Amino acid sequence: MEIDKNYKYYTEHQEELFKKHKNKFVIIKDEKVIGVYKTLEEAIQNAKNIEAGTYIIQECLQKKKVQTFHTRVRFNG
């Protein structure tokens, strides 16, 4: 499943991503970072044209503070 692969990519690269994108939200698709945003709202807005279930939005936090947003649902706004 794409979501699982993307989350695995995040966990395997978490330290590197935290150093590059500290406390920002990244969109990960096909095991690559395709966007970096200051807020969750910006990330959601920019992910609207990406097929649901093929990416994750992840806040780049230190290992102890991980929160994940999966794309099984689409936010309308």
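The structure is a predicted model, in which local features need pLDDT of at least 70, side-chain atom pairs count only at pLDDT 80 or more, and totals for chains, interfaces and linings use all residues. Residues are numbered from 1 along each chain as its sequence is written, and side-chain values use heavy atoms, with hydrogens and water left out.

The protein contains 3 helices and 4 strands, where helices (H or I, at least four residues) and strands (E, at least two) are DSSP runs numbered from the N terminus. Their order along the sequence is α-α-β-β-α-β-β. Of the 77 residues, 35% are buried; buried means under 20% relative accessible area, exposed over 50%, and partly exposed in between (1.4 Å probe, protein chains only). The accessible surface is about 5200 Å², and carbon and sulfur atoms account for 47% of this surface. These areas come from the Shrake-Rupley method with a 1.4 Å probe, and for residues only the protein chains shown count as cover. Among contacts (heavy atoms within 4.5 Å) with a separation of 6 or more, 54% join residues 24 or more positions apart.

Strand β1 (residues 25-29) has 4 of its 5 residues buried. Two strands are taken to pair if DSSP finds at least two bridges between them. β1 pairs with strand β2 (residues 32-37) in the antiparallel sense over 5 bridges, and Phe25 has Tyr37 in β2 as its bridge partner. The two strands form a hairpin with 2 residues between them, and Asp30 in the turn has a positive phi of about 55°. β1 is also joined by 5 bridges to strand β3 (residues 55-59), and these two strands run antiparallel. Here Lys29 stands opposite Tyr55 in β3.

A nonpolar core is a set of buried Ala, Val, Leu, Ile, Met, Phe, Trp, Tyr and Cys residues joined through side-chain atoms within 4.5 Å. The largest such core has 9 residues: Phe25, Ile27, Tyr37, Leu40, Ala43, Ala47, Ile50, Tyr55 and Ile57. At least two residues of this core come from each of β1, α3 (40-47) and β3. The largest share, 3 residues, is supplied by α3. Leaving aside residues up to four places away in sequence, Tyr37 touches Lys24, Phe25, Ile27, Glu42, Ala43 and Asn46. A second, separate core has 8 residues, including Ile3, Tyr9, Ile28 and Ile56.

Helix α1 (residues 2-12) has Ile3, Asn6, Tyr9 and Tyr10 buried. Seen down the axis of α1, these buried residues fall within an arc of 125°, so they line one face of the helix; the arc is that of the directions from the helix axis to the C-beta atoms. The exposed residues Lys8 and Glu12 lie on the face of α1 turned away from its buried side.

In helix α2 (residues 14-21), the buried residues are Gln14, Leu17, Phe18 and His21. Their arc around the axis is only 105°, which puts them on the same side of α2. An α-helix has 3.6 residues a turn, so residues three or four places apart point the same way. Glu15, Lys19 and Lys20 are exposed on the other side of α2. The buried residues of α2 pack against α1, β1 and β2. Just after α2, Asn23 has a positive phi of about 60°.
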